[in-house]
Amino acid sequence: MKQELRVAAYAVVVRDHEILLARWVARDGTKRWTLPGGGMEHGEEPVGAVVREVEEETGYAVEPTALLGIDSIMRRWIARIGAPGSFQGLGILYEARITGGELRSETGGSTDLAAWHPLDSVPDLPRVELVDVGLDLWRERPPVGRSRLAGPAGRSRLAGPANG
């Protein structure tokens with residue numbers, strides 16, 4: 001069975017009752033809002049990764065101000081060749097504040113638009129689950145850094161055929 005682990009860092013940036021989000025573009029062209037952030041490079045510190053990723057996706061310089069928690073997601077699939085596989089993603093979520101820069105959208109990356117959204121409009125946005133988990137961690141500040149939205153075994157899903 002093919003197994004893969006990825007670690008990423010994300011920012012929850014809230015000011016004046018609005019949250020900063022980046023619009024993620026899936027391989028099939030579907031667009032959904034997500035927290036700004038992304039994969040850590042080998043040897044990179046999580047705080048450095050979130051600062052780099054937020055700047056790449058939104059144009060803003062940020063300072064992480066608190067560690068909110070860890071999101072763990074598991075995906076399983078059956079590959080076209082019949083071999084099963086699994087993917088685990090660990091997302092390190094920080095609260096962050098803007099320290100400079102100007103809002104702009106990423107060019108040539110995994111997102112195509114950055115924007116501020118009123119907190120009360122988030123439930124109506126097409127979004128990934130990570131947005132809800134991030135807001136839950138930001139609001140609730142659980143002592144162990146685990147969102148109640150994760151469920152007892154984290155977030156898990158069986159996916160369809162994979163490319164490998």
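Mentor: Let's start inside: the largest nonpolar core has 19 residues, and I19, L21, L35 and L93 have the most contacts within it. Elements that each give at least two residues to this core are β1 (2-12), β3 (18-25) and α2 (129-140). With 5 residues, α2 gives the most. Keep in mind that the model is predicted.

Trainee: Which residues is L21 in contact with, leaving aside its neighbours within four places in sequence?
Mentor: The list is W33, T34, L35, P36, L113, A114, A115, H117, L125 and V131.

Trainee: How do you know how far the model can be trusted, and what is the mean pLDDT of the chain?
Mentor: The mean is 90, and 88% of the residues reach 70 or more. Where pLDDT is low, the predicted coordinates should not be read in detail.

Trainee: Why is D16 called exposed?
Mentor: The cut-off for exposed is over 50% relative accessible area. D16 has 68% relative accessibility, so D16 counts as exposed. D16 is found in the loop between β2 (14-15) and β3.

Trainee: And why does H17 count as exposed?
Mentor: Run the same test: H17 has 67%, which is over 50%, so H17 counts as exposed. H17 is also found in the loop between β2 and β3. Phi is positive in both residues, neither of them glycine: near 50° for D16 and near 65° for H17.

Trainee: What makes R75 buried?
Mentor: Buried means under 20% relative accessible area. R75 has 18%, so R75 is buried. R75 lies in strand β6 (residues 60-78).

Trainee: How do you know that E129 and R75 form a salt bridge?
Mentor: The cut-off is a side-chain nitrogen of Lys or Arg within 4 Å of a carboxyl oxygen of Asp or Glu. The closest N and O atoms of E129 and R75 are 3.7 Å apart, so the pair passes as a salt bridge. E129 lies in helix α2 and R75 in strand β6, so the pair ties together parts that are 54 residues apart in sequence. At 36%, E129 counts as partly exposed.

Trainee: What about D112 and R23: what makes their contact a salt bridge?
Mentor: N to O is 2.9 Å, and the cut-off is within 4 Å. D112 lies in strand β8 (residues 111-118) and R23 in strand β3, so this pair ties together parts that are 89 residues apart in sequence.

Trainee: How many salt bridges does the structure hold?
Mentor: The structure holds 13. Another of them joins E44 to R52, with the closest N and O atoms 2.8 Å apart. E44 is buried, with a relative accessible area of 17%.

Conventions:
Residues are numbered from 1 along each chain as its sequence is written. This is a predicted model: local features need pLDDT of at least 70, side-chain atom pairs count only at pLDDT 80 or more; totals for chains, interfaces and linings use all residues. Side-chain values use heavy atoms; hydrogens and water are left out. pLDDT is the predictor's confidence in each residue, from 0 to 100. A nonpolar core is a set of buried Ala, Val, Leu, Ile, Met, Phe, Trp, Tyr and Cys residues joined through side-chain atoms within 4.5 Å. Buried means under 20% relative accessible area, exposed over 50%, partly exposed in between (1.4 Å probe, protein chains only). Helices (H or I, at least four residues) and strands (E, at least two) are DSSP runs, numbered from the N terminus. Contact means heavy atoms within 4.5 Å.
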